[in-house]
Structure formats: structure tokens, C-alpha cells
Amino acid sequence: METRRMFLAADSGGSKTNWILIDENGEIIAKHKNHGMAAVKEGILPVRQIAEDAFRQISSFGHPEGICLSLGGPNVDEVKRNLEDIWKGVPIYVEREACGNSMLEAASYIGCKAAVMCGTGSVAVGDTKTGRKYADGWGPTYGDVASGGGIGSDALRIFLRSIDGVSDAGRLTELFTPLVQNLDVSEFAGRMELKARAINMSRRELAALAPKIYELAEQGDKVSAELYLQAARAVAAMAYTVSDSDEDFTVLLCGGFFANKPKLLENCVREFAKISKASLKYEPAFSPLVAAQLAVLQKNGVNITGEILSNIKNNL
């Protein structure tokens, strides 16, 4: 009986980790999803427990010959160390998603030379005539433009300022009702408790607000619509930074932030056309997880054929 070669790919951000065990033809053997392992520094998230949970779920299906993980945070050493300790003896490659190596290799299969990746956070990378260029990727405090975490954080900021009458929160107020429950924000003690509750909202919780904010925008809420227009302009600016303004240059848009948001995509295309002759291409089937699958096969000597690429694109 012929034994199937198995390989494990994963994409881990601030909200979740997607794991997928595939064979040498790119066909799925097993999938698992759990919490994200990407953090701004080591020791913040329970990386060990997350990796062990994945091992328990995956190991019953087989033992991978190699592992590639795309990571959305700088705690690469922490993640790699734990994976190596759990999957002993297996060659493991952990790549910062923002470095772009795997993503641009994957994007090249569909004619793209740059990628704008927007999920919980955001980053862009491209290979231009003058070399590799980057945009954003500065994390939740200084970056996260055009991302779930960024737009959720902006919405919270507007809401808090609206309490003082400094800004109009529109229907965003509906999203933050639990924050002010049983509080008298006209009193200092109430304000401080609200501040504590706001600070305690995780990046994951803020990112989870993005689809709801988009729904409000679609329903005519001007404040929510303006947030998404700003996001579209930010996407256009990132794409411009990492591309050449040539008609034959195409920038890939990928990531969960774009999912089921046709108006956002329409605005991205319109805003980009104002500043560049290049074009944007949204491919919901392309993601860091697709890039990780292609990378783990390539690193283990598998030649990527059209059939394998098609299988991997259909794995999401």
C-alpha cells in the first residue's frame, strides 16, 4: 500500500490559527482552527497550549514531513521553539507574514507582484523595479490601518469621544452598549470604569466588530461608511507604495477584512485608480494559508503543478 506524504501548513494571526494537513497533491487530510499565536512580544499568548491543541487534533491523521507557518507577529522564535518541541524531528519553518516571501511567491502564480494583506492587522509588500517595498505592518498601536483591529479601534475611539460631545458616533453607539451598562459616565468614577473596560477590549474583540460596522455602513450610517471609506483609501495608499504605476502591474488584495464586502472592494479600486495606472485583484482563495501550503510543498521538493495549485485554492 502506497503511503501518502503529509505536510502541515498554518496561518496564525492575532485572532486565530488555521491549520491544514495536506498530501503531496495539495489535497486536504485534516483541518483545525484555534486561537491566534501572533503577539507583539513573547509571553503574551498561551502559544504552547495552542500548539499542543493543534498537535492533538492533527496527529491522529498522520505525521507531517515538514511544517510551514505564516505568523502575523514578531514572536517567531517563541512559536518556532514550541512547534519544534511538540513536533520533534520535523523540519519547521516559521515566516513573518509581513516579510512577504511566501505570499509573493504564491501571488506570482496568478500574475501579481505585490500583495496587500488585511485581516486583524494589515501589511503590504511588493517587488518593484527598484526592489522590495513594504507598507504598514506597524501593529495595533501605530498601524493596523485598513484592518479589522484598526477599524474596531477607530470605532471605539469615536464612541468614547462622542460621550463628551466631541464627535458623532452615529449608530456605532449600538455596538458599545455593553461597555456602558450600569455606568453613570457623567460621574468621574463611571468614566474611569468605562476607560478600564475599553482598555480591556482585546484586539480580537475589536476586529470582530468590523463586519458589524460594515453592515451599519450598508444600512446608511454615515459614520460607519466614513470609516470604511478611510480604510479603502488606506488600502490604495499601501498598494501604491509597494507597486510600480504601470498598466501591467497587478496588486493582490487578500485577507478576511475584504470578505463579503463588495462596497469596500469597489471603493479600493476607485481610490487606487486615482493615484496609479496599476490594478488591484481580489482573490478570496488566496491567503497566507495558501502561501504556507505552497511553501511547505516547495521546501520539501514537490513541484507545484496547475492541479496542485487548484487543489490548494479549493482548500479554504
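**Overall build**

The model is a predicted one. The chain holds 12 helices and 10 strands. Its radius of gyration is 21 Å, close to the 20 Å that the globule rule gives for 316 residues, so the chain is as compact as a globular protein of that length. The C-alpha trace spans about 70 × 50 × 30 Å along its principal axes.

Burial comes next. Of the 316 residues, 52% count as buried. The accessible surface of the chain comes to about 14900 Å². Carbon and sulfur atoms account for 50% of that surface.

Take the contacts between residues at least 6 apart in sequence: 66% of them join residues at least 24 apart. Charge can be summed up briefly. There are 35 positive and 39 negative side chains, and the centres of these two sets lie 2 Å apart.

**The nonpolar cores**

In soluble globular proteins, nonpolar side chains tend to be buried together. The largest nonpolar core here has 47 residues. Those with the most contacts inside this core are Val-116, Leu-172, Phe-176, Ile-213, Phe-257 and Leu-264. Strand 6 (114-118) and strand 9 (250-254) each give two or more residues. So do helix 5 (148-163), helix 6 (188-199), helix 8 (210-218), helix 9 (222-241) and helix 10 (262-273). Helix 9 supplies the largest share, 10 residues.

Leaving out residues up to four places away in sequence, Phe-176 touches Gly-152, Ala-155, Leu-156, Phe-159, Met-201 and Leu-209.

**Helix 3 and its partners**

Helix 3 covers residues 101-108. Its buried residues are Ser-102, Met-103, Leu-104, Ala-106 and Ala-107. These residues pack against strand 5 (92-96), strand 6, strand 7 (122-128), strand 8 (131-136) and strand 9. They also pack against helix 11 (288-299).

Helix 11 is where Ala-292 sits. Which residues does Ala-292 contact, leaving aside its neighbours within four places in sequence? They are Ala-9, Ala-10 and Cys-68. Ala-292 is buried, because its relative accessible area is 4%, under the 20% cut-off. Arg-197 is 95 residues from Ala-292 in sequence. In space the two are 37 Å apart, C-alpha to C-alpha.

Most residues other than glycine have a negative phi. Asp-144 has a positive phi, near 60°. Asn-182 also has a positive phi, of about 60°, although it is not a glycine. Asp-144 is found in the loop between helix 4 (139-142) and helix 5. The loop between helix 5 and helix 6 holds Asn-182.

Is each of these two residues buried or exposed? Asp-144 counts as buried, because its relative accessibility is 4%. Asn-182 counts as exposed, because its relative accessibility is 74%.

| Residue | Relative accessibility | Class |
|---|---|---|
| Asp-144 | 4% | buried |
| Asn-182 | 74% | exposed |
| Ala-292 | 4% | buried |

Note on methods:
Residues are numbered from 1 along each chain as its sequence is written. This is a predicted model: local features need pLDDT of at least 70, side-chain atom pairs count only at pLDDT 80 or more; totals for chains, interfaces and linings use all residues. Side-chain values use heavy atoms; hydrogens and water are left out. A nonpolar core is a set of buried Ala, Val, Leu, Ile, Met, Phe, Trp, Tyr and Cys residues joined through side-chain atoms within 4.5 Å. Buried means under 20% relative accessible area, exposed over 50%, partly exposed in between (1.4 Å probe, protein chains only). Helices (H or I, at least four residues) and strands (E, at least two) are DSSP runs, numbered from the N terminus. Contact means heavy atoms within 4.5 Å. The radius of gyration is taken over C-alpha atoms; the globule rule is 2.2 Å times the number of residues to the power 0.38. Accessible areas come from the Shrake-Rupley method with a 1.4 Å probe; for residues, only the protein chains shown count as cover. Lys and Arg count as positive and Asp and Glu as negative; His and the chain ends are not counted. The place of a charge is taken as NZ of Lys, CZ of Arg, CG of Asp or CD of Glu.
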